Amino acid sequence: MSPESTGQNEHYLRVFLRGFRTWRGNRPFWAGLFTMVGGLPIAYFPYANMHLGNITLAMSTTAGAGSLIIGILLITLGLTMWFHHIVRVFAGVAAILLALISIPVANIGGFLIGFLFAMLGGALSVSWAPGEPKPDPEPAAAVDSAAVGDGRDAQEPGSEFHTTAAVSQQPEQYDTTVEVDGGRHRAG
């Protein structure tokens, strides 16, 4: 084994977490999570019964089916934000509208818990933008030539140490110009 092969002895949990972090960074993860968490109380509270000693409080309303539909749609929109992040703006606007509709329909939006989570998830989804890839680092020769030609060596005493840096040698680059015949032989 060479000291350069670091990936072979890594723990499977570390590999999984690195893959999950990469997956999470390429999509509006928190927007989808907040939207799904917002859908749960909206769908649950109309069908829940609270027990206070011997007293049972039933919070079921006439709009129980509407609450269930709104909650399931919010959970579906959260999953859509995760797995089809191309439609994140549509999913975010739909989550915001469903959260607003849940106020009169679903027990004040799941007692404001579901409403706030769904609004936050929808806003995060609308505002999320994919990151830009990092630019490639410049070759060492370009950095050395920039430091030499900036004109500082004439003004500063002792600047001869800055200009005597060894220029790193680059391997010969292949000629990538395209010929007229596309690089094919003329015979045959």
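Modeller: Quick definition before we start: helices here are DSSP runs of at least four residues, and strands are runs of at least two. Keep in mind that this is a predicted model.

Biologist: Okay, what pattern does the chain follow, read along the sequence?

Modeller: It goes α-α-β-β-α-α-α-α-α-α. That gives 8 helices and 2 strands.

Biologist: Why do you say that β1 and β2 pair?

Modeller: Two strands pair if DSSP finds at least two bridges between them. Strand β1 (residues 49–52) and strand β2 (residues 55–58) have 4 bridges, in the antiparallel sense, so they pass the cut-off of two. One example is H51, whose bridge partner in β2 is T56.

Biologist: What do β1 and β2 form, and what sits in the turn?

Modeller: They form a hairpin with 2 residues between them, and G53 in the turn has a positive phi of about 70°.

Biologist: What makes a set of residues a nonpolar core?

Modeller: The members are buried, from a list that includes Ala, Leu, Ile and Met, and joined through side-chain atoms within 4.5 Å. The largest one here has 14 residues, and I42, I70, L74, L77, M81, A95 and L98 touch the most other members. Two or more residues each come from α2 (29–44), α3 (64–83), α4 (88–105) and α6 (113–127). The one that gives the most is α4, with 5 residues.

Biologist: Which residues is I70 in contact with, leaving aside its neighbours within four places in sequence?

Modeller: I70 is in contact with I42, L98, I101, S102 and V105.

Methods
Residues numbered from 1 in each chain as written. Predicted model: local features only at pLDDT ≥ 70, side-chain atom pairs only at ≥ 80, totals over all residues. Heavy atoms only, no water. Buried < 20%, exposed > 50% of the residue type's maximum accessible area, 1.4 Å probe, protein only. Contact = heavy atoms within 4.5 Å.
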